[in-house]
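Biologist: Please show me the model, and then let us go through the terms used to describe it, one after another.

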Amino acid sequence: MLELQEMSAGYRATAVVSGVSLRFVPGRILVLAGPNGCGKSTLLRTALGLQPRLGGRILLDGVELSALSPRQIAQRAAFMAQSRSVPNITAGRLVLHGRFPYLSYPRRYQKRDRETARRALEWVGGAGLADRPLTELSGGQRQKIYLAMALAQDTETILMDEPTTFLDVRHQLEVMALARKLAEEGRAVGIVLHDLCLALRYADRIALLHGGGLLDYGPPEALYERGLLEKAFGVSLGRVRTEDGVQYYYRPLSGRGIISEDKVRK
């Protein structure tokens with residue numbers, strides 16, 4: 001489990017978010033939501049030591065993050081970045097990169113590494129893509145491959161930074177369905193999302209970041225009822241109960257605009 005205690009994160013000496021306390025709990029999807037520039041991605045990267053924290057504590061499986069080496073962190077938590085280059089290698093070779101934290105020098109893959117990578121590809125439905133160059137894959141196919149690489153790390157915690165960006169609706173739903181499956185298997189899943197309807201549909205808990213800190217936190221239904229999601233994003237949301245459960249949708253704004261941070265906090 002990954003736990004943030006009054007953590008502050010930013011760049012150089014300037015905090016983007018301050019005093020955030022959250023837990024990424026096994027078996028749950030925690031979605032980080034908030035307007036552009038509120039610090040969602042910064043928080044996620046700081047939580048795994050990919051950039052220095054400015055304050056507070058970070059515990060990974062009960063151990064202070066600063067006491068762990070980058071390799072030890074990578075053996076406990078995987079990170080799926082938003083922006084990535086597309087190397088000219090096959091999908092199968094990329095998935096094998098997820099085994100790097102377990103390799104000693106010189107890096108030579110063992111039978112276990114290849115088997116773990118194979119299972120990860122099968123798990124995301126990408127077994128047929130193993131021999132395809134990444135440069136020939138669609139955006140949705142690449143996302144599956146990058147998720148398989150994260151799975152190949154064989155960690156209990158998986159963090160994803162905007163995994164649905166630039167994907168069409170079908171592939172967005174596929175990625176979120178895979179995230180749900182990960183949680184059902186007992187992993188702690190943290191996801192940065194911009195789409196509120198996806199967040200409300202798939203999250204077990206939502207952390208709403210706004211104005212430099214954690215504005216609201218709780219189950220999707222509770223955040224919807226309190227209305228702070230609408231105010232923070234300047235949108236109008238509706239919901240309808242269907243045989244597949246509660247579904248959320250955007251409604252016409254009717255002249256409503258984004259309100260100031262001061263008003264959101266009131």
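Modeller: The buried residues of helix 5 pack against strand 6 (77-80), helix 3 (91-96), helix 4 (111-123), strand 7 (157-161) and helix 6 (169-184), where contact means heavy atoms within 4.5 Å, and helices (H or I, at least four residues) and strands (E, at least two) are DSSP runs numbered from the N terminus. This is a predicted model, in which local features need pLDDT of at least 70 and side-chain atom pairs count only at pLDDT 80 or more, while totals for chains, interfaces and linings use all residues. Residues are numbered from 1 along each chain as its sequence is written, and side-chain values use heavy atoms, with hydrogens and water left out.

Biologist: Why is helix 5 called largely enclosed?

Modeller: Buried means under 20% relative accessible area, exposed over 50% and partly exposed in between (1.4 Å probe, protein chains only); 10 of the 14 residues of helix 5 are buried, so the rest of the structure largely encloses this helix. Among them are Gln143, Lys144 and Tyr146.

Biologist: What span is expected for helix 5, and what does the helix reach?

Modeller: The expected span is 1.5 Å times one less than the number of residues; helix 5 (residues 139-152), with 14 residues, reaches 20 Å from its first C-alpha to its last, close to the expected 20 Å.

Biologist: What makes strand 9 and strand 10 a pair?

Modeller: Two strands pair if DSSP finds at least two bridges between them, and strand 9 and strand 10 (residues 213-218) are joined in the antiparallel sense over 5 bridges. Strand 9 also pairs with strand 3 (residues 29-33), in the parallel sense, over 4 bridges.
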